[in-house]
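Hi everyone, thanks for coming.

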Amino acid sequence: MKGKEGNALKRPLNDSVYALPLFGRARVVFQGKELGVSRKGLALLYYLALEGPTSRARLADLLYGHGSALQNLRVELHRLSRALGREVFPKGQDPLSLPSWLKLETLGHGEVLEGLEEVEGLWEWVQEVRTRSEAFPGLPCRQELLRELSSLHPPFLLVLRGRLGAGQRQLAQELARVLGLAFHQSLRPEGLVYLEFPYPQVPLRELLRSKAFLVLSLDPGEEPRFFLELRANYPPERMRVLELSPLPWYEARQGLLAGYGFQQAARAYFLAGGQPEWIPEWLVSAGCPQRLLAQLRLQARWLSEPARVALERLSVALGPIPEQALDALGALPYLEELERKGWLVYQEGYRFAKEAERRFFSSTLPPGRRRELHERAATALALAGRNQEEALHRKALGEGYEGLLDPHLRQAVFGEGRVWEKRGLGRELALLLHENQGVFPSGQGFGLVLLEPTDKAYLDFASLEEEAVLELLGEAYAPADIPHPSFLGLRILGWKPHPTYRCTTWATWAWWPASWIR
């Protein structure tokens, strides 16, 4: 058995990979040949490939919709195993999930899921998938990064570290096109080979001798042994590790979001957390995209059950979470595991690594449960005298919170006791970038994008020597469930003299994670 694994790189085809082409006629392809799979069987496989793990009851209702649906589903699962020549789903598995050796092939031509619209009960779903594909026609992302990587050549090991939705596979596909290499998702002796978890079980020496361009997808959190062994032994001059940050707003606006109105584009970008794979889903979804939610919850299954439950409870807390709230929400014993596995980070207190992920988890809580958790946190924060953190939970409960705010913040939000006098434009027109943090030049001024509660935008002014008010003109976006979205939430925290007699101010958001100025 060991020798068979060791020869995986020498075979022209890996006999363990079955392809489901997204474009053209729906079918299963193995070693270049189409397998005889029924329409119902194909519908089941494609549904799992596109929507993620799904319960047997849901699949039975979707495909059959009558009293004997579950029995019919069991028969279809047996037929699938016979058609593919191996067991597809372990006995008793529920929800069903696509095995790692079955891959959705997203490159190709023709109509999406051709023929599956004829399967009874699937017409609407097939049309929805086609709408998604039209909204995301495979536009290349991260063009600056691709240009930077275009000088590399095999043999090489490129490690792409990123969160769900960061687009590692799409970037690898685009890189293969730029380099003129064949794209593979299984071990081959040449071309560009994209590997993601679960990684292949082959001897390390075979990978070190490979002449292919290897691209390894790495999730956040603990580094797996497969990666550590490669990094410890691979020649450093032929290896690079990249952290895939969210797609910059201006790049998304020129590509994935081109042609959409500002509010629609900003909503999709913000709710997706800037992740390129998630942006198209939010463009076509009025609510929470269930496929993305399934991806996130499936990854959370790698946590111990108590830690996963604690993570869901913490999702009611926005931004840095005070210790009193951590205790009230029962999360203190699990902080080390949640931080080690990449779900929480410590930045002046524990918080979610990504605000978009927190919002997903929060959306799964039943209304009564969510209310109970807000009450727990609010009570603990009130006893600790943490008024402003308490205010967020009071507002979520629909209770009065205005008196808990800092007087200056209350004045800014509600306009209490403040008379504004509009004056002519002055030196504030000299808005400059400060170390390129938070702000960027756009066609008609500057753009400002903050995705996380702790993000800051640094604004640099010339010769600011007295108190001043900054007037911002443009379009802004903030989600409806954030307090007072019509108020931009920008506040000047202070200023300090610069050695060249200029004055630097810095700003942050008072209550919510993101707003937009264009």
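Before we start, a word on burial: with a 1.4 Å probe and protein chains only, buried means under 20% relative accessible area, exposed means over 50%, and partly exposed is in between. What you see is a predicted model, where local features need pLDDT of at least 70 and side-chain atom pairs count only at pLDDT 80 or more, while totals for chains, interfaces and linings use all residues. Residues are numbered from 1 along each chain as its sequence is written, and side-chain values use heavy atoms, with hydrogens and water left out.

So, how many aromatic pairs does a search of the whole structure find? It finds 14. To pair, rings of Phe, Tyr and Trp (its six-membered ring) need centres within 6.5 Å; planes under 30 degrees apart are stacked, over 60 edge-to-face, and the rest tilted.

One of them joins Tyr-47 and Trp-125: the centres are 5.0 Å apart and the planes are at 45°, so we call this pair tilted. Tyr-47 belongs to helix H2 (residues 39–51) and Trp-125 to helix H5 (residues 123–135), so the pair ties together parts 78 residues apart in sequence. Helices here are DSSP runs of H or I with at least four residues, strands are E runs of at least two, and both are numbered from the N terminus. Tyr-47 is buried at 9% relative accessible area, and Trp-125 is buried at 7%.

Next come Phe-197 and Tyr-199, an edge-to-face pair with 5.9 Å from centre to centre and 85° between the planes. Buried or partly exposed: which is Tyr-199? With 9% relative accessibility, Tyr-199 is buried, whereas Phe-197, at 46%, is partly exposed. Phe-197 and Tyr-199 share one aromatic cluster with Phe-226 and Trp-302.

Now for charges over rings. The rule asks for NZ of Lys or CZ of Arg within 6 Å of the ring centre and within 35 degrees of the ring normal. Lys-40 has its charged end over the ring of Tyr-64, 4.8 Å from the centre. Arg-86 does this over the ring of Trp-101, at 4.0 Å from the centre.

Last, the cysteines. A disulfide is counted when two cysteine sulfur atoms lie within 2.5 Å, and the count here is zero. Cys-141 is buried at 8% relative accessibility, while Cys-288, at 25%, is partly exposed.

That's my tour; over to you!
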